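Dear colleague,

Please find the structure below, together with its sequence. My notes on it follow directly after.

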Amino acid sequence: MLQYLLEPSAALPAQMNCIWREQEKDDIGIHGEIELCRPREAKDGPIGTGKIVKVQSKSGKRYIVKDNEKSFAFPVTEKICFTGRA
């Protein structure tokens, strides 16, 4: 699964009914953002909610402790979760 996530593609966020936007400038380590979406009332596809998750890609055995077809796991510290939080 991890290899699929790290491919430079918007395929996975699209499958999750989200929008992927690549960060053009490598600003404080942020590589892109995912906007959460909801279904439109007319069922014409998803619409953005304005809720954004900033993404910083990490790879390697140090960061990924479990990887299989359905999921992956990585150690998370409080510092990592709140970096850049306003």
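Predicted model: local features only at pLDDT ≥ 70, side-chain atom pairs only at ≥ 80, totals over all residues.

A disulfide is taken here as a pair of cysteine sulfur atoms within 2.5 Å. A search of the whole structure on that basis finds zero disulfides. Cys18 takes part in none, and the nearest cysteine sulfur, that of Cys37, lies 5.8 Å away.

Residues are numbered from 1 along each chain as its sequence is written, and side-chain values use heavy atoms, with hydrogens and water left out.

Burial is given as relative accessible area: buried means under 20%, exposed over 50%, and partly exposed in between (1.4 Å probe, protein chains only). Both cysteines fall in the buried class, Cys18 at 13% and Cys37 at 17%.

Strands

Strands are DSSP runs of E with at least two residues, numbered from the N terminus. Strand β1 covers residues 18-27 and includes Trp20. Strand β2 covers residues 30-39 and includes Glu35. Two strands are said to pair if DSSP finds at least two bridges between them. Strand β2 and strand β3 (residues 46-55) run antiparallel and are joined by seven bridges. Within this pairing, Cys37 stands opposite Gly48 of β3. The hairpin of β2 and β3 has six residues between the strands, and Lys43 there takes a positive phi near 60°.

Salt bridges

Side chains of opposite charge can pair when their charged atoms come close. The criterion for a salt bridge is a side-chain nitrogen of Lys or Arg within 4 Å of a carboxyl oxygen of Asp or Glu. By this criterion the structure holds three salt bridges.

Which residues are linked in a network of salt bridges? They are Arg21, Glu33, Glu35 and Lys54. The individual pairs are as follows.

- Arg21 and Glu35 have their closest N and O atoms 2.6 Å apart. This pair links β1 to β2 across 14 residues of sequence.
- Glu33 and Lys54 meet at 2.7 Å, N to O.
- Glu33 and Arg21 meet at 3.4 Å, N to O. Glu33 in β2 and Arg21 in β1 are 12 residues apart.

Glu35 is buried, at 9%, and Lys54 is partly exposed, at 49%.

Besides its salt bridge with Arg21, the side chain of Glu35 reaches the backbone nitrogen of Thr49 at 3.3 Å. This is a polar contact, that is, a pair of N or O atoms within 3.5 Å; within protein, one must be able to donate a hydrogen and the other to accept it, and residues adjacent in sequence count only if both atoms are side-chain atoms. Contact in general means heavy atoms within 4.5 Å. Not counting residues up to four places away in sequence, Glu35 touches Cys18, Ile19, Arg21, Gly48, Thr49, Gly50, Lys51 and Ile52.

Trp20 is partly exposed, at 27%. Trp20 and Lys54 are 34 residues apart in sequence, and their C-alpha atoms are 10.0 Å apart in space.

With kind regards

Conventions
Helix = DSSP H or I, 4+ residues; strand = E, 2+ residues; numbered from the N terminus.
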